[in-house]
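My notes are below the structure.

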Amino acid sequence: MVQAIAFYAFAFVTIAAGVMVVSSRNPVHSVLYLILAFFNAAGLFVLIGAEFIAMILVVVYVGAVAVLFLFVVMMLDINFVELRQGFMQYLPIGALLGLILLVELFFVIGIWSFLEDGSMLTAVIPVQNITNTHALGNVLYTKYVYLFQAAGLILLIAMIGAIVLTLRSRPGARKQKIADQLSRRSEDILDVVKVKEGEGV
Amino acid sequence: MSIIQLPSMISASPEIFLAGAGMILLMIGVFRKTDGTGVLSMATILCFIVAIIAGFLYGGQENAFYGMFITTSFTQFSKSLILVGSILAVVLANDYMKTEKAQRFEVPVLILFATLGMMMMVSAGDLIALYIGLELQSLSLYVLAAIRRDSLKSTEAGLKYFVLGALSSGMLLYGASLIYGFSGSTDFLDIANVINEQKDNLSLGILIGLVFLISGLAFKVSAVPFHMWTPDVYEGAPTPITALLAISPKIAALCLFIQVLIGPFSAIIEQWQQIIIFISIASMTLGAVAALMQTNIKRLLAYSSIGHMGYALIGLASANEAGISGVLIYLAIYLFMNVGTFGCILCMRRNGQAVEQISDLAGASKSHPMMAFALLVFMFSMAGIPPLAGFFGKWFIFLAAIEAQLYTLAIIGVISSVVAAFYYLRIIKFMYFDEIVAPLDKGLTKNLRTVIYGSMTLVIIFFLAPGTLVSSAAKAAKSLIGVNG
């Protein structure tokens, strides 16, 4: 009962937030609604017992992707009003695509429920009474340690590549040099001058 | 709570060492900035040498990481070739960066990681391990191709390489996922078992997956019809990086090709043999014909390397022990011919600027007699003129093709090598029979001279003592065929 209420609440908020993403006028609001949608989707994952995916969704999508979106929206000068102008024009083709997806979804579910041994095709749930995170950790650092480490190397290369190809040293740029600031003494830069009245410096 | 045992990983020690060393070198580079480039290059070369030695000491003992990492004499041999190729590329790159005054400490580090990726590719015993090794290699090479980010050509080369490389990775992954879906495992041994069981009634999914896998790998060895990126990338990338691209990744991808096809797919040889025969013929012909029109020497070498890959694929198509050892011998000789040729291209400078047109070589025999002679040797060798090394490479390959009764393939190979001889000889004609228009700059650096004359000597004297190479290649081929056949 509680689960059902939670499911409908999460599902409803997800869909509502999704609608708001495309319909709100202010792009920053869109991104914020997107974050809301991600959080609620994560809640749905928790409900079906996939707590690891839920956490990943929050960490990766909310933490990285949405913040990146926010940066793009705020830093780049994109005229969103202009982008939105063709909305009505593209509505029919969008609706058609949505309809096709809906029909396909019905096909999948229909075949699934009419299939005699359809239940065989669901993923095997491991017998051990351990959490997803625990189960993943068990194989990730043992059986797949080679692939895990190698994937880490690939990410390292990606980072090196991004830095090598984009970072430029600009000679004119002013940077804060804390050591210089700290080693500066008042005697070197301050002159105490006695000014006679009426004469100025 | 059970205590989980660490997987066996002693035979992967060269790779583990290189990964650790790469990260340490990166730290040193970050702190010393560009003036650490020379030191880092030396250190990288040292690491490669250590990796070769470690490979001979610890390799071939047992598979590591639950069978995801395979070592045999075959992988040992190909890894040594890859490492030698990378060492020479680092030497060339260091020299080039010094003369161009464009030192970047990331270059040797990226070459190190690319080489690590190649070694992981060759040792892959699992589809995921294959893909990850391939990506590690490719990603480093994309960055290296675009490393001169202020040059339009270099960035273009990097971008083209990246986009087309990503496309090929996508095809490879699609094939791999189909194979996984229809065989139920990513492990090569399990896939081999499944294929052995359904030998006569092969499921369509595995077959289609295999075709996509071959396409993805053909991209990496730049075999026709997946070759279109090669000339542009070769032309645009900085010359020592082009040398690297022409040598180590080609060797690695071809060895991986052999490892995959002779490994898990050895039971369905008649299915993939026709594909390999086709791409081999297409590569040889296109490599010979398209190069005739080229005026840029780097583009010419790109087509020449497409042709060379076609010859090497003959050995794979033969799919016998002679064929595999033929490929290995061919690759070893190809390595030294190419390094030498690219060394000569690096000498082509006029008024401090690098020049790349073939016509710039006019009269080089008078201004640079030694360099011209070395280039003459390499060109004769690539054309396959006895008694130079290139002749023996082709000889072993054609012998294997005849043994496997692939007469058409051998005949087309001989014909296209005659056609290809034309453009190799054209370079010699420019150097020896044309008048000097504008002389090239004098003066070679010591390293460049060592690389050029060293590989020239090897190419010339190979026929005196081919025994070592031939016997170790035969041993490597035996280790591969023996296990799976």
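The entries that follow cover salt bridges, cysteines and surface patches.

**Ground rules.** I worked from a predicted model, where local features need pLDDT of at least 70, side-chain atom pairs count only at pLDDT 80 or more, and totals for chains, interfaces and linings use all residues. Residues are numbered from 1 along each chain as its sequence is written, chains are lettered from A and ligands numbered from 1 in the order written, and side-chain values use heavy atoms, without hydrogens and water.

**Salt bridges.** I searched for a side-chain nitrogen of Lys or Arg within 4 Å of a carboxyl oxygen of Asp or Glu. The whole structure gave 15 salt bridges over all chains.

I looked up Lys298(B). Its partner is Glu356(B), with the closest N and O atoms 3.1 Å apart. The pair links distant parts of the chain, 58 residues apart: Lys298(B) is in helix H12 (residues 297–318), and Glu356(B) is in the loop between strand E2 (353–354) and helix H14 (364–367). Helices (H or I, at least four residues) and strands (E, at least two) are DSSP runs, numbered from the N terminus. Lys298(B) counts as buried because its relative accessibility is 1%; buried means under 20% relative accessible area, exposed over 50%, partly exposed in between (1.4 Å probe, protein chains only).

I then took Arg350(B), which meets Asp360(B) at 3.1 Å, N to O. Arg350(B) sits in strand E1 (residues 349–350), and Asp360(B) lies 10 residues away in the loop between E2 and H14. Both Arg350(B) and Asp360(B) are buried.

Arg104(B) and Glu106(B) also pair, at 3.7 Å from N to O. Arg104(B) is partly exposed at 21%, whereas Glu106(B) is buried at 9%.

I also noted a salt-bridge network that links Lys153(B), Glu156(B), Lys160(B), Asp232(B), Glu235(B) and Arg299(B).

**Cysteines.** I found 0 disulfides over all chains, taking a disulfide as a pair of cysteine sulfur atoms within 2.5 Å. For Cys344(B), the nearest cysteine sulfur is that of Cys347(B), 5.7 Å away. Cys344(B) is buried at 2% relative accessibility. Cys47(B) is buried too, at 9%.

**Surface patches.** Patch residues have over 30% relative accessible area and no salt bridge; like charges are joined within 9 Å, and nonpolar side chains (Val, Leu, Ile, Met, Phe, Trp, Tyr) within 5 Å. I saw Arg170(A), Lys175(A), Lys177(A) and Lys33(B) gather in a positive patch. Arg170(A) is exposed at 65%, in the loop between helix H7 (145–166) and helix H8 (178–183) of chain A.

A nonpolar patch covers about 1000 Å², with Leu99(A), Phe106(A) and Val108(A) among its residues. Val108(A) belongs to helix H5 (residues 87–114) of chain A and is exposed at 54%.

Terms used. Areas by Shrake-Rupley, 256 points an atom, 1.4 Å probe, with all protein chains shown as cover. Lys, Arg positive; Asp, Glu negative; His and termini not counted. Charge placed at Lys NZ, Arg CZ, Asp CG, Glu CD.
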